[in-house]
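Colleague: Could you walk me through the sheet here, and tell me what stands behind each term?

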Amino acid sequence: MAPFFIFDLDNTLYPPEVPLWRAVDDRIELFVREKLGVDGAEARSIRKDYLGEYGTTLRGLMQHHNVAPGEYLEFVHDVPIPDLVPPRADLGDMLAALPGRSVVFTNGSESYAQRVLQALGVEDAFVAIYGIEFMEYIAKPFPFAYAKLLRESGVTGAESLFCEDRHENLLPALDLGMFTVWVGGREGDSQAHAVVEDVCDLPSVLPAFLGKERFAQGR
Ligand SMILES: [Mg+2]
């Protein structure tokens with residue numbers, strides 16, 4: 001069994017101070033306003049409903065307004081990524097030192113993830129990107145994509161570590177037996193196995209994952 005590392009993208013591989021996710025969020029609101037002909041307050045209310053019911057604004061728009069996912073994803077990810085996201089040499093070093101394969105697991109589109117990884121300078125650190133297309137638009141935290149990712153990668157939950165900034169997205173991973181790391185989370189009210197302030201602090205919690213009985217055989 002080999003350790004397998006799964007990383008969320010937005011606000012995980014870069015810190016929330018980087019204004020990229022806010023820029024995408026603004027584009028999502030603009031898309032809803034233009035597509036449905038509503039004002040900002042109404043658009044935010046609709047998005048809140050869709051997020052609660054479907055996990056993403058996109059899936060709500062697909063269900064209720066027949067929106068084509070390609071059109072939506074192209075519009076909302078049309079942001080100046082290289083202007084917003086500085087390269088992170090420390091992240092590249094940390095990822096390169098991990099003792100196993102790494103993948104990205106994001107509710108964003110795969111081409112968007114690719115562009116963000118390029119801006120961060122870490123695109124070579126990952127063997128695959130599993131985005132919203134792979135998820136068949138059934139986003140985290142629905143369990144479907146987590147199980148599909150494990151099948152596709154040929155690994156078990158027990159071999160996997162998952163880094164993510166949204167606590168609710170860690171819960172299905174816990175159910176599948178993954179070692180869960182809450183990035184930027186709060187120590188006190190977490191069900192995750194570990195909490196780190198920044199993803200670059202991951203090595204500090206690795207012994208708890210790698211030292212598990214699950215990796216004891218054959219080492
Ligand atoms: Mg995130």
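Modeller: Gladly. Let me start at strand 6, where Val-195 is the bridge partner of Trp-182. Please keep in mind that this is a predicted model: local features need pLDDT of at least 70, side-chain atom pairs count only at pLDDT 80 or more, and totals for chains, interfaces and linings use all residues. Residues are numbered from 1 along each chain as its sequence is written.

Colleague: What makes strand 5 and strand 6 a pair?

Modeller: Two strands pair if DSSP finds at least two bridges between them. Strand 5 (residues 179–183) and strand 6 have three bridges, in the parallel sense, so they pass that cut-off. The strands themselves are DSSP runs of E, at least two residues long, numbered from the N terminus.

Colleague: Which strands are called edge strands?

Modeller: The open sheet has six strands in the order 3-2-1-4-5-6, with parallel pairing. Strand 3 (128–130) and strand 6 (194–196) each pair on one side only, so they are the edge strands.

Colleague: Which strands does strand 1 pair with?

Modeller: Strand 1 has four parallel bridges to strand 2 (residues 101–105), with Ile-6 opposite Val-103. Four bridges also join strand 1 to strand 4 (residues 160–164), again in parallel, and there Phe-5 stands opposite Leu-161.

Colleague: Why are the residues of strand 1 called buried?

Modeller: A residue is buried if 20 or more other C-beta atoms, placed from the backbone, lie within 10 Å of its own; 12 or fewer makes it exposed, and in between it is partly exposed. Phe-4 and Ile-6 point one way and Phe-5 and Phe-7 the other, and all are buried, so each meets the cut-off of 20 or more.
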